[in-house]
Amino acid sequence: MIRSFIVTFIKEILTFLRIPLLVLAVLYFFTLDVYIAGAGIAVKPRNVTIGYVDYTGGGVSQKILSHFHTPEFKKPKAFLNERNLRKAIFNKDIMVGIIFDREFAKNYAQGKKATINVLLDSTAAAQSFITLSYLQNIILEFQKLHLPVELKTHKLFNQNADTHMFISLAELLSVITLLSVILTAMVFVKEKEDGTWDLMLLMPVDAKIIILAKSLSQVVINLIGTIISVGFVILWAFDTPMNGSFWAFVLLSFFYILSSAGIGLFIAAVARDIMQVAQLAILIMMPIIFLSGAWTPIYAMHPILQKLSLFSPLRYYIEGAESIFFRGTSFVDLWPYFAGVMLLGILLYYYGFKKIGKLF
Amino acid sequence: MRFRTIYAYMRKEFIELVRTKLIYLVYLVPTMILLLFGYGIRLEVTHARVLLIDNDASKLSAELIGKFEHSKYFAPTLSQVSEQKALRLMKQAKIDAIVIIPSSFEKRLLHGQKSEMGIFVDGSFPMRALTIQSYIEGTILKAAQDIGAKMGLKPKIAINQRTLFNQAMRDEDAIVPGLIGLVLLIAPALLSTLLIVKEKEKGTIFNFYASPLSKSEFLAAKLIPVFLLHSVTIFLLFILALYIFEVPFRGSFFLYWVASELYVLISLSIGLLISIITKRQIVAVVLTVIVTVIPGFLYSGILMPISSMKGESYIEAHLFPVMYYNHIIYDTFLIGQGFASQKNILYLAILVGFFLLYFLVGTLLLKKEMR
């Protein structure tokens, strides 16, 4: 029994290693892909492009403009008239347009109410919303209105709201989901397609052992990939602080990968060829990713979706991982995440195992 | 080109596609992606869990707390816990932010003295942290301005803002058109990537090697059925965007249609190219996901406007077709300049270039012989 388990296990690992392009692709996902995502996306106002038309001839208007600087804004670009500015906004070269009309300087000097016209491209709703609040703050500050309250804001666990660490971790979690589902499903479906599945049915080895060895080999491959990714990209390249326990993260990952492998087994039982695996994998994974709270906080979702999100293993994994990495939550307080991932992991794996076992 | 041969081969391909019973996935996957992402991505945060610690318990602090309670952005809790305990709650991910109103807050304010208010935001999800921070600061500043106005401080500069293209600042309007660019990149590529590599792995490719079918006839027979299937997707996505998500359509439908068909061709030829260079289906699937999903998200302008990119990412964005297509799509949906915009015409031409490039490279690499 144990021997046939080990033999099948090693055979699967070797099969994986014998496809160099596949090994490369998996390595790419766990390293470069996570790195590119972390380095490339910043979902916060950065380098916002500003264009302006100044009919006042300088003075106050230029002083206001001098407050817009990097890294949030690119240097404001001057336009000759409103038409050109509008054209630039319509072509998406400029996101925010500021117009100082002739009355502006006069009114300001006379102490009357002066108006600045602002045009916002709100297709990037998030960026323009935050840009507008920056703008209001700049003007508020510029007027030196002495507000009696001073706000001291601190962002805990991630002082600069640095998105590299966050996005790279979020990307890694998606990669783990994607690969553990697809790789596990492929291992079985390939045999179905090749017809070697039927050969296995004739073998005197217990089918359960084969399923166990085949799926666990993929779990181990993914777990190793995860450790490589955390070590090289997240901790080394992005210098993410590890406020919690590394081994808690590995354990959490193991159970999460097990739950994805369970989904993979289910897909393998249903799908006939690799095209169906690819389609089904996307179809099943999308809801799991979207109910996980990575994109929308769970409490901001529709009540029905909030209930459904309880069934997304990624929900527990992502919040548990965030807690371990950033919040440095103590082991005792991590139990809800472990409970969720373990319960769903074992249930999903058991279900997939049963489902594919019926094919024998 | 012998059209009868192509037709016969095409029929065979089409029947094969239909026989894999999951053919409905061709439409289900795009629909699911659009619905889930469209409903799923909310950059606006509502019901943020803010813990208010009121050490003052005065009329002014109650007024301030009222501002939090009456906002849809917050689901505040009022509590007298110690800062230590509050921090633990945050570590357990039970609250997103803590606002501490200092003691003798009202007294100092009425005497015109400055008082400091502490705000602590959980930075684990940076974008969410920034959004919540700007909501909290905005709420307090607004309250302070109201109080300031009562005390005779009037602002001299007013901002008159006009939001273009998406006046209501709806997330749907901003995201759904971009999603069409994502869906039409992933779905056709995923379908076409297996077309040739599948035959290679199964060995049925020898039928083609041995048959008198020419390379171009083979490719046409392979691609036309998939192309026709996805031409329907273009309309499906359009209807979903318009009627489910109620995204306005202000531009030229003809432009939307032409650009989309062209874009499907590009996506198909990406899949085809991968299908030709790989030997195994699993590698083809994984590779396709890499080259479509990542640029589809990163360089599409959905999450980050192209004009805000810098350095490498700005250059990389220009190397993928998705940015050009999305520009046209946002134009047809929200802006409505259509063919009058030179940039649209230029980008359409660039898309034609992408298609020709991928397709030519693919055809050149496809060999009609044993390897």
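Guide: A salt bridge is a side-chain nitrogen of Lys or Arg within 4 Å of a carboxyl oxygen of Asp or Glu. The model shown above is a predicted one.

Visitor: Why is the contact between Lys214(A) and Glu191(A) called a salt bridge?

Guide: The side chains of Lys214(A) and Glu191(A) meet at 2.4 Å, N to O. The cut-off is 4 Å, so the pair meets the definition. Lys214(A) lies in helix H9 (residues 207-237) of chain A and Glu191(A) in helix H7 (residues 163-194) of chain A, so this pair ties together parts that are 23 residues apart in sequence.

Visitor: Are Lys214(A) and Glu191(A) buried or exposed, and how do you know?

Guide: Buried means under 20% relative accessible area. Lys214(A) has a relative accessible area of 1% and is therefore buried. Glu191(A), at 9%, is buried as well. Lys214(A) and Glu191(A) are also linked with Lys11(A) and Glu12(A) in a network of salt bridges.

Visitor: How many salt bridges does the structure hold over all chains?

Guide: There are 16 salt bridges over all chains.

Visitor: What makes the contact of Arg327(A) with Asp122(B) a salt bridge, and what does the pair join?

Guide: The closest N and O atoms of Arg327(A) and Asp122(B) are 2.7 Å apart. Arg327(A) belongs to helix H13 (residues 313-327) of chain A and Asp122(B) to strand S4 (residues 115-122) of chain B, so the pair joins two chains. The distance lies within the 4 Å cut-off, and therefore the contact counts as a salt bridge. Both partners are buried, because Arg327(A) has 4% relative accessibility and Asp122(B) has 8%.

Visitor: How do you know that the salt bridge of Asp333(A) and Arg88(B) joins two chains?

Guide: These side chains meet at 2.7 Å, N to O. Asp333(A) lies in the loop between H13 and H14 of chain A, while Arg88(B) lies in helix H4 (residues 83-91) of chain B, so the pair joins two chains. Asp333(A) is buried at 9% relative accessible area. Arg88(B), at 45%, falls between the 20% and 50% limits and is therefore partly exposed.

Visitor: Why is Trp335(A) called exposed?

Guide: Exposed means over 50% relative accessible area. Trp335(A) stands at 59%, so the term applies. Trp335(A) lies in helix H14 of chain A, and its C-alpha atom is separated by 9.0 Å from that of Gly320(A), 15 residues apart along the chain.

Visitor: What makes Lys354(A) partly exposed?

Guide: Lys354(A) has a relative accessible area of 47%, which lies between 20% and 50%, so it is partly exposed. Lys354(A) is found in helix H14 (residues 335-357) of chain A. On the surface, Lys354(A) gathers with Lys208(A), Lys355(A) and Lys358(A) in a patch of positive charge. The patch is called positive because Lys counts as positive.

Visitor: Why is Gly57(A) called exposed, and where is it found?

Guide: Gly57(A) has 72% relative accessibility, over the 50% limit, and is therefore exposed. Gly57(A) is found in the loop between strand S1 (50-54) and helix H3 (60-65) of chain A.

Visitor: Why is helix H12 of chain B described as largely enclosed?

Guide: Of the 18 residues of H12(B), 16 are buried, so the rest of the structure largely encloses this helix. Helix H12 (residues 281-298) of chain B reaches 26 Å from its first C-alpha to its last, close to the 26 Å expected at 1.5 Å a residue.

Conventions: Residues numbered from 1 in each chain as written. Chains lettered and ligands numbered in written order. Predicted model: local features only at pLDDT ≥ 70, side-chain atom pairs only at ≥ 80, totals over all residues. Heavy atoms only, no water. Patch = residues over 30% accessible without salt bridge, like charges linked within 9 Å, V, L, I, M, F, W, Y side chains within 5 Å. Areas by Shrake-Rupley, 256 points an atom, 1.4 Å probe, with all protein chains shown as cover. Charge placed at Lys NZ, Arg CZ, Asp CG, Glu CD. Helix = DSSP H or I, 4+ residues; strand = E, 2+ residues; numbered from the N terminus. Buried < 20%, exposed > 50% of the residue type's maximum accessible area, 1.4 Å probe, protein only. Expected span 1.5 Å × (residues − 1).
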